[in-house]
Each structure stands twice: as C-alpha cells, then as structure tokens.
Number of protein chains: 2
Amino acid sequence: MPVNRLSDVATVGVGLNLTEYEVLGIDAPINVADGHARQPLTDTQAQVIDELPQIFAAAHSRPIAEVEREAHVAYLSAVGQHGAPVGTDRILTTYSSSVAMDILARCLGEAGATVALIHPTFDNIPDLLRSRGVRLVPFEEPDIAAAEIPAEIGPGDCVFITTPNNPTGVPVPPEQLEPLAVECRDRGALLALDTSFRGFDERAQYDHYRLLTDIGVDHVIVEDTGKLWPMLELKLGLLVFSEDLALPLRKAYSDILLTASPLIMKLVTHLAADAVAGGFQAMRAGIAENRLLVLDRLAAAAMRTPDGDSKVSVLRVELPGANASEVAACLAAEGVHVLPCGPFYWNRPADGERYIRVALARPRETVERAAERLVAVATAA
Amino acid sequence: MPVNRLSDVATVGVGLNLTEYEVLGIDAPINVADGHARQPLTDTQAQVIDELPQIFAAAHSRPIAEVEREAHVAYLSAVGQHGAPVGTDRILTTYSSSVAMDILARCLGEAGATVALIHPTFDNIPDLLRSRGVRLVPFEEPDIAAAEIPAEIGPGDCVFITTPNNPTGVPVPPEQLEPLAVECRDRGALLALDTSFRGFDERAQYDHYRLLTDIGVDHVIVEDTGKLWPMLELKLGLLVFSEDLALPLRKAYSDILLTASPLIMKLVTHLAADAVAGGFQAMRAGIAENRLLVLDRLAAAAMRTPDGDSKVSVLRVELPGANASEVAACLAAEGVHVLPCGPFYWNRPADGERYIRVALARPRETVERAAERLVAVATAA
C-alpha cells in the first residue's frame, strides 16, 4: 500500500548512519540507497564471469606477488595513475576501501593526528577516524578549491579529501590539488585522498601520484574497484603511500590480513582490461543515461540537482523543503530506498536535510521508478 | 645455496609479528608458515569451482538476506552449531575472522573493558585488542581447563578464548566451557570465542550456542570459513552474538561494510554441503596424513610435538634448544618458511622460542620437504 503523504509517516531512521539506511534498502523492491555497483553486467563482463573457473586456475598457478602486481598495473593504469608505486611495497591490497581507510585511521589515531576532513562526505569516514581517537576539523568543499586548509593543521596532521566527492561528485582538479599539496608539504602534514569514485570521472584520472611525488608531499591514496563493476562485492581496496612515510601502515595491515584474494586480483585485472577496451565508456554512458532520466523527472516537477557537473554513480537531488529524513522515510514505507543527506554533513547534519542521494548504478527501470516516486513524495508535502 | 648451520645466519625477523613472517614465506618454494588453506582441491571442490559462473548467477538472482541466511545455515550446521541464532540479526557476515574480531575489539575498547585473553594465541588478536585501547591480562591455557578466570575480570569485562587454540590445537570441551560460562555470567563478564579452527576437530563441534544460551551468559563467537577450504581467500568471517548484548556491534560493523559478497556466501553454502557429504572427512584425513608424516620425521630425530592430540591444520614442533627465531631464519635462508612461536606467547615471548609452528594444509610434498629441512636444521646446532 503506497504511502505518499508525508504527514502519514513518522520520521523513521533518526540516529541511523548511512550504511544502516542502506541495510534497510538492500533487498527492497526499489533500492537506490547504497552506492554499490548493481547495474546489469555488460556482455563482455558476462564473458569474464563465464571464465571464472579458468581465472581461478590461473590465479592459483602463479606467485601471489605477481598476480597482485598485475592487478595493480591493470587497475591503476586504467584510471590514469601511471605514477603509482607499482612493484614497490607501498601498495597494500585490502578487502575494501573501508578496510584500507580504517588502517590509515588507526595509524593517524596512534600518531595523535588532527585530520581536516572534507565536509560533506560519506559518514563512515568520520566515524572510522573518530573510532581511532582522531580529532576532526571540517574542511568545507569550497575551501578545498581555494586551498584554504584549516589553521589547526600542522606537522604530523592530515588533510583528508574524497575526490570525486561523495555525494556531490566534485573532483579536485590538478590546479587545485597542486596548491593543496604544496601547503600540506610546507606545514609538514599528510595529504590523504579517497578516490573510490574516480573510475566514473575522467577529470579525476590525471596522474595524482606523479603530481604529489613531484611536489614532495607525504601522501596516502585509497583506491577502490568496488564502485565500478557489478561483481557481487568481489572487489579490492588499495592503500597506496609515498616513500619514507612515518605511519606504520604495513604493520597495521598485517593485523588484519595476510593477502587479499588472488582470484579477485585476477578478476580485477580482467575487468580493468575490459574497461580500457570500451568497458569504461559503456559504464559511463549507462550512468549518464540514468542521470539524465532522473534530471528529466526532476525538471518536469521544477526540481533540480545541485551537482550539475557530477559524473559519479550517485546524484544529489535538492528537495523543495529541508525534510530529507521525512521524504526518505515516506519512500521507504512504499519500498523505495534512497539516502537522506543529513549524515553526509557530519559536522552540521541539518545542512543535508535539503538533499536526497539517489544511486545510479542500477537497472534503468529501477532508477526510473525511484525518480518518479521521489518527485511525487517530495512535491506532495 | 642451502645454509644449514645456525651459526652461519644472523637472527633475522626480530620484531616481526607472525603475519609479517608469513608475508616473507608467501611465494617461497616451501611455505608452511601461514595457516591458510593451501592443500590441493578435492575432486568435488574442483566441481564447485567449475560451477562458479552458475553460482554467480544464482547469487545474483536472489535477495541477499536469503543467500546470507542459507550460508549461515549450511556452515553452522556443518560444524554442529544448530543453536546458533540463524535468521535473527545477531549474525554479522564479514570479509574475514580478523575483521570480525576487530569489530568486537573496537566495541570492547570503547566500553573500557579488560580482556582475559588466552595465552598463547595468534598475535594479531592481542594486537587488534590493544590497538583499540583494551587492557589485556593473560589467561593461561591450563587455567582455562580449571575455569580459573583471572581475578581482574569483573562486570563489563571479557574472557576471550580461541578454541581449538592456535598454535596448540587444544579445544575447550563442554565440561570446561560450562564452568567458564557460569563464572563469566556470575561476574557479569562477556565470554568471547574464536572458533576459526573448529572445522578440523569434531571435539569442537558440540553445540556451543545451545550451551552458552542455556547458561545465560553474554557471548560472542567468531566463526571462520577461511581455514578450511583452499579457495584463494574467498571466505567469510561471522560475528555471532547473544541477545540483549550491550556492545554496539552492528553499528561498528556498519562503519566497515554493508554486506559481504553474496557470491562467497553461495560458495560457502556449496562447500559446506560438500563438507557434510564427505568433504570434511577427506580434509581431516589429509591433515592427519600430513601430521603423521611430520611426526615420523621428528621421531626419527628423537624430536616431538608437545600437542599430540591436536587435530588442527597447524602443528607445533618442540626444538632441542630454545632457538626458534634462529631456526626459522636459517630455514628461511634456504627458502623454507615456518613460524617461530615466540610471538604466540604475547605475554612472555621467550616461552615460545622452544617451538616452531608448521602448517599442514599443504600438498604432501611441501610438508615432507619442510619437515626434513626443519629436522636437519634444528638438530644441526
């Protein structure tokens, strides 16, 4: 029974973090809550899946270090990161980007670092950092463009930026990254980047490693294959870091895992090759189509996205009112799951109440239905 | 060039943790260092691998909650845990047992708990707990048998036991678990079990959940599919907990992941079914053969294991001298990797210098060659 009047539903979900909202939607009829890749397999991706038994055998028959290095080369070069330290011991392969981030968070906490963290961003990042005893100061997205690093950041501290950002899709272009990196270097601070969404946006595929290495700033980059390919959570997170870094990342890593799965490494190698051979183009076209579809529905109701330039697989929608929690609850009651954006604004949740995040890495029909219902509920108040 | 005189090699590896030792051996000619499953696939396991494309499709076509529940039923019933809370929200599926343990460690640290931790045990457990600010007191293996819980443990604290233990293989039988659970309950303490190796030992397959629930003790059990099947690290860790537990495990879990891989869940379901249909028997027979092979070599050199009853996939070997670090370094120099046991004895590393741990979940030839060289080097001093 559809519920489409906001006054009919209680505001559920108060106190939930974003992942908990996503859990509610995981098996729902219309799930555009989580940002995981759930679009249909392309034909060439389906061929890779057909070869899983051979991929297993190939992964089994070779030294793990070789299989791992191949995956690093394949993925990092596919997203333009030719200056990454492939072949050194400065790439740690983890189960996921969150595991990689938590290893970094542990080391930052143990070092007593203050972290200037991008605001807004996905809330598990501030939560992981805080759980390790890290002190956070917000680094507002517009201040990043101006390289205005918070005054609190000094030697041994860290500037942490998600690029392209989640949920806004805003990337940090080279002309902004360079002054940020120089400023971090001059203050003796670490520059940490979460680039989980870079596969969707060619503007985030210039060679970050080359730029940061040339400037000589201590840096850590979290890479992620998990947002791109609909592989049922078979994915890798990479924790990549600059030379002579003081943080004991490798030691902290060893407390959590010995190696990631060589099968998944090999799978990533295949998928990255497919991506370069047209897969990325097809993926971006599919996401762009779904984005247009949402934008059309919004336009018809005089609604909009605040992130017109975004290329990533999630899209913010601006609501007529500052009632995202209510809108999300109302939609959830009819089996349509989205994310209210309050928790992204980890320092000022009220700022996010004007926005809903919609995932685009879904079958077209799912996105279409979600957009319809979102517009109907948002404008019914 | 083989090095077989201890005096010829420096003691390398001082300050390494066990996983770091394992990293050194990962692609070595003879690697019996890590306890991961690296034995050859059985015929029926190879059939499961052949079906990976179909398993992917099946995992994709069904609600994740269903796929997950099936995996829980299949695995937990295969190891006798019929009283586990399958179908409730008290089973969290993670990438690995270490990720599960770290989630528990975080919550214990935030609660200010003191943990009585089994001694010896694999060193990433004390390391993970300490990294979360937990205070540790050693709980000596013989004291567990006598249910003599350290006096420091009171309300809100925790007793943490690995059963069967790693590296000793000692399981906690029901007649010991019961008084431990009663004592924990009476003190208001949590009883946490790491049962990663239970698949190898039928003595660890009585229904722990039933026993602990009947006694009414707060409990958390970490289950692990990762030690059993040679699946290239495709595995699940489970974090299972009793009703009305005060620790916010689900919240901490949500900071790390949304769901584990449905493909791996489905794979575990297949492997557990195969295990029940003869796979466990074949696996245990293979491990037993490799154990006998090592024991024969030891006996021929008047050496022994201190763990004659062990059924798990690792075996301690007692050295003529207290020089495990040197023996391990000497073997490593010739491409044979074992674990020196010092770091298992997290509270008194010197106690472990008399023991080497050898992994048995390997091809027969690997174990044979390792045993030969271990005996030769250990008796050459």
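Across the interface of chain A and chain B, the rule picks out 22 residue pairs in polar contact, both at pLDDT 80 or more. Polar contact here is a pair of N or O atoms within 3.5 Å; within protein, one must be able to donate a hydrogen and the other to accept it, and residues adjacent in sequence count only if both atoms are side-chain atoms. On the chain A side, α1 (18-25), α2 (43-50), α3 (52-60), α4 (64-78), α5 (97-110), α6 (124-131), α10 and α11 (262-300) each bring at least two residues to the side that touches chain B. Helices are DSSP runs (H or I, at least four residues) and strands are E runs of at least two, numbered from the N terminus.

A word on ground rules: this is a predicted model, where local features need pLDDT of at least 70, side-chain atom pairs count only at pLDDT 80 or more, and totals for chains, interfaces and linings use all residues. Residues are numbered from 1 along each chain as its sequence is written, chains are lettered from A and ligands numbered from 1 in the order in which they are written, and side-chain values use heavy atoms, with hydrogens and water left out.

Back to the interface: 53 residues of chain A are in contact (heavy atoms within 4.5 Å) with 53 residues of chain B. Together the chains bury about 4,400 Å², 65% of it on carbon and sulfur atoms; buried area is the accessible area (1.4 Å probe) that two parts lose on being put together, summed over both. A:Phe56, A:Leu232 and A:Leu258 supply 18% of what chain A buries against chain B, more than any other three residues. There are also 4 salt bridges across the interface, meaning a side-chain nitrogen of Lys or Arg within 4 Å of a carboxyl oxygen of Asp or Glu. One of the model's salt bridges joins B:Arg132 and A:Asp102 (3.5 Å, N to O).

Now α1 of chain B (residues 18-25): 6 of its 8 residues are buried, that is, under 20% relative accessible area (1.4 Å probe, protein chains only). Those buried residues pack against α10 (249-256) of chain A, as well as β1, β10, β11 and β12 of chain B. At the helix start, a side-chain oxygen of B:Asn17 comes within 3.1 Å of the backbone nitrogen of B:Thr19.

As for cysteines, the structure holds 0 disulfides (sulfur pairs within 2.5 Å) over all chains. Two examples:

| Cysteine | Nearest cysteine sulfur | Relative accessible area |
|---|---|---|
| A:Cys107 | A:Cys158, 11 Å | 2% |
| B:Cys184 | B:Cys158, 7.7 Å | 1% |

Technical notes
Buried means under 20% relative accessible area, exposed over 50%, partly exposed in between (1.4 Å probe, protein chains only).
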